[in-house]
Amino acid sequence: MAKTRRFIPFLVLAALAGCSSPEQQLRAGLLREGVPPSIANCMATRMSDRLSLTQMRKLAEIGKAGHARGVDELLHRLRSLNDPRIVDVTTTAAALCALGLR
């Protein structure tokens, strides 16, 4: 029994290592969509600071529908979430990060 207890902290650490933060998930999703790494890093940081976990989960749902075929389709998908804050934060982050105005 004592030997088993010694391994519990290692099991907890291993389980936590497999988890990624919402910011990391957002960054990975942006990279999958073809956003350049420097812009994806910038956007993920800005967006994770400004959106709730629920809002970030909503964003993850539109990523499951496949890649957007352009900005118009992406904006349509964002608007379909019926959350103006997501649209505002995403478009602002994209513009500021693309211009290098972090």
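Me: Where is Asp-83 found?
Reply: Helices here are DSSP runs (H or I, at least four residues; strands are E, at least two), numbered from the N terminus. By that numbering, Asp-83 is found in the loop between helix 5 and helix 6.

This is a predicted model, where local features need pLDDT of at least 70, side-chain atom pairs count only at pLDDT 80 or more, and totals for chains, interfaces and linings use all residues. Residues are numbered from 1 along each chain as its sequence is written, and side-chain values use heavy atoms, with hydrogens and water left out.

Me: Is Asp-83 buried or exposed?
Reply: Buried means under 20% relative accessible area, exposed over 50%, and partly exposed in between (1.4 Å probe, protein chains only). Asp-83 has 12% relative accessibility, so the residue counts as buried.

Me: Which residues does Asp-83 touch, not counting residues up to four places away in sequence?
Reply: Contact means heavy atoms within 4.5 Å. With residues up to four places away in sequence left out, Asp-83 touches Gln-55 and Lys-58.

Me: Is Asn-82 buried or exposed?
Reply: Asn-82 lies in the loop between helix 5 (71-79) and helix 6 (84-98). Its phi is near 55°, a positive value in a residue other than glycine. Relative accessibility is 67% for Asn-82, so this residue counts as exposed.

Me: Which residue does a disulfide join to Cys-42?
Reply: A disulfide is a covalent bond between the sulfur atoms of two cysteines. The rule used here asks for a pair of cysteine sulfur atoms within 2.5 Å. One disulfide is counted by this rule. At 2.0 Å from S to S, the partner of Cys-42 is Cys-97.

Me: How many residues apart in sequence are the parts that Cys-42 and Cys-97 tie together?
Reply: Cys-42 lies in helix 3 (residues 37-50), and Cys-97 lies in helix 6. The pair therefore ties together parts whose separation in sequence is 55 residues.
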